[in-house]
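Subject: Structure handover

Hello,

Please find the structure below, followed by notes on what was found in it.

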Amino acid sequence: MERLKQQQLRAFLDFVLGCYACHDQEAFVRYLLHGISMLIPAESTSYAEISLESGKLLDATRVEPSHVEFPEARQIFEHYFHENPFVTYRQRTGDRSAIKISDFLTQHQFHRLGLYNELFRLVDKDHQMAVSLATPSQIEIQIGFGRSRRDFSERDRLLLNLVRPHLVQAYQNAQAITEIQKETALLRRAMEMGNQGVVVLAKEGRIRLMTRQARAWLTEYFGSRSQSSDYLPETLRSWITHQETQLAHADDAPPSRTPLVLERDGARLVVRHLCEAEQCLLFLEERQTTVLPASLEPLGLTRRKTEVLHWVAQGKTNAEIAAILGLSPRTVQTHLEHIFKKLGVETRTAAATLALGWRPGAEAAQGKSPVKENRLLG
């Protein structure tokens, strides 16, 4: 049985440690292509993601050195997909260990293949060895090695089989970290949009991330969920499905996507649906449709000015506010001018928008001045 020499073992350990240090998929592929050649010398090294369903190479496929891959190489590989002994063997057996072309074909037999004559002959790669990484989908990840003169040895095969479990785990680690990074970036972008609740969904509808504010609003507007906490309330899930179906199966130009709007207790919740790649986002925003004078007191207004602002937010004219509060229209206008100055706005519409968007206690939670905070909302 083949055994590793001390120098080979040291190179093996160094390479494995480097694999586990890769923090995303791109870094893993880059390190793999450059680092594994120190372990298993080859004239070319490739990382290929192959759809077993279609025989197509996915975009992540890479070859080093890059000049080995010519523009038509992918098309030729896909055209002769059925001739590739590596792929057909793995489809038939499920074995993902290290295998060589010479395990299946003599040199003469290999040279008769269209795959060889139109691809490997052009890059002068008579000898091939490859190992496969398992994935949960119908994607075959194949790491291949090519040489022109000398076939791969059993020691090369041993090294590749020994390193394979580490490649599998390092790839899964990098994939998980990549997903987390994507979700974090999506959430950060969403939170920059303002004071909104955000839900990040996987493609199958499972909740991956949800802000505390979003969870609170879902409970307030949809009630406690009887379903698993990993999924949205049934009503909301049905609305999302309807939105997606309209675009996916339309016989004519579909209508534009409209937000879901729910009303309760003087407030309105607006839910917007955005899909990006394999994930979807829900943006939730609540606006007050009525406002009580007491809730505006933290804005630093007097009781009377708070009452005036309350009725402005309800759409009342100066004359109507004067009649309600027993004041003259001129006095109401004077109060309004003071309110505008205090809140840093210039119109009654801006003041009303600020009042309706004001949520009591927001300044305490965020450590900000109530007036400065709500000028953003106006």
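How many residues lie between strand 6 and strand 7 in the hairpin they form? There are four, and G205 in that turn has a positive phi of about 95 degrees. Before the rest, the ground rules. This is a predicted model, in which local features need pLDDT of at least 70 and side-chain atom pairs count only at pLDDT 80 or more, while totals for chains, interfaces and linings use all residues. Residues are numbered from 1 along each chain as its sequence is written, and side-chain values use heavy atoms, with hydrogens and water left out.

Confidence

The chain has a mean pLDDT of 81, and 82% of its residues reach 70 or more (pLDDT is the predictor's confidence in each residue, from 0 to 100). Over residues 359–378 pLDDT stays under 50, and the model has 31 contacts there beyond four places in sequence (contact means heavy atoms within 4.5 Å). Where pLDDT is low, the predicted coordinates should not be read in detail.

The hairpin

Helices (H or I, at least four residues) and strands (E, at least two) are DSSP runs, numbered from the N terminus. Strand 6 covers residues 197–202, and six of its six residues are buried (buried means under 20% relative accessible area, exposed over 50%, partly exposed in between, with a 1.4 Å probe and protein chains only). G197, V199 and L201 are buried on one side of strand 6, and V198, V200 and A202 on the other. Strand 7 (residues 207–210) runs antiparallel to strand 6, and three bridges join the two (two strands pair if DSSP finds at least two bridges between them). Within this pairing, V200 stands opposite L209.

Strands of a sheet pair through backbone hydrogen bonds, either parallel or antiparallel. Here an open sheet of five strands has the order 2-1-5-4-3, with antiparallel pairing. Its edge strands, each pairing on one side only, are strand 2 (62–64) and strand 3 (99–100). Strand 1 and strand 5 (residues 139–147) run antiparallel and are joined by eight bridges. One of the facing pairs puts S51 opposite I139 in strand 5. Helix 4 (residues 85–93) packs on the sheet and touches strand 1, strand 3, strand 4 (127–133) and strand 5. The direction of helix 4 makes about 35 degrees with that of strand 4 (axes are lines fitted to C-alpha atoms, for helices over the stretch in contact, and angles run from 0 to 180 degrees between N-to-C directions).

S51 belongs to strand 1 (residues 44–51) and is buried, at a relative accessible area of 11%. Leaving aside neighbours within four places in sequence, S51 is in contact with K56, L58, F81, Q138 and I139.

Salt bridges

The whole structure contains 18 salt bridges (a side-chain nitrogen of Lys or Arg within 4 Å of a carboxyl oxygen of Asp or Glu). K56 forms one with E78, with the closest N and O atoms 3.7 Å apart. K56 is in the loop between strand 1 and strand 2 and E78 is in helix 3 (residues 73–79), so the pair ties together parts that are 22 residues apart in sequence. K56 is partly exposed, at 44% relative accessibility.

Two other pairs sit within single helices. R10 and D14 form a salt bridge with closest N and O atoms 3.0 Å apart; they are four residues apart in helix 1 (residues 6–20), about one helical turn. R10 is partly exposed at 44%, and D14 is partly exposed at 41%. K182 and E179 form a salt bridge with closest N and O atoms 3.9 Å apart, and they are three residues apart in helix 7 (residues 154–191), again about one helical turn. An α-helix has 3.6 residues a turn, so residues three or four places apart point the same way. A network of salt bridges links K100, D103, E154 and R157.

Helix 10

W311 lies in helix 10 (residues 303–313) and is partly exposed, at 24% relative accessibility. Residues up to four places away in sequence aside, W311 touches K316, I321, I324 and L325. W311 and I324 are 13 residues apart in sequence, with their C-alpha atoms 9.0 Å apart.

Regards
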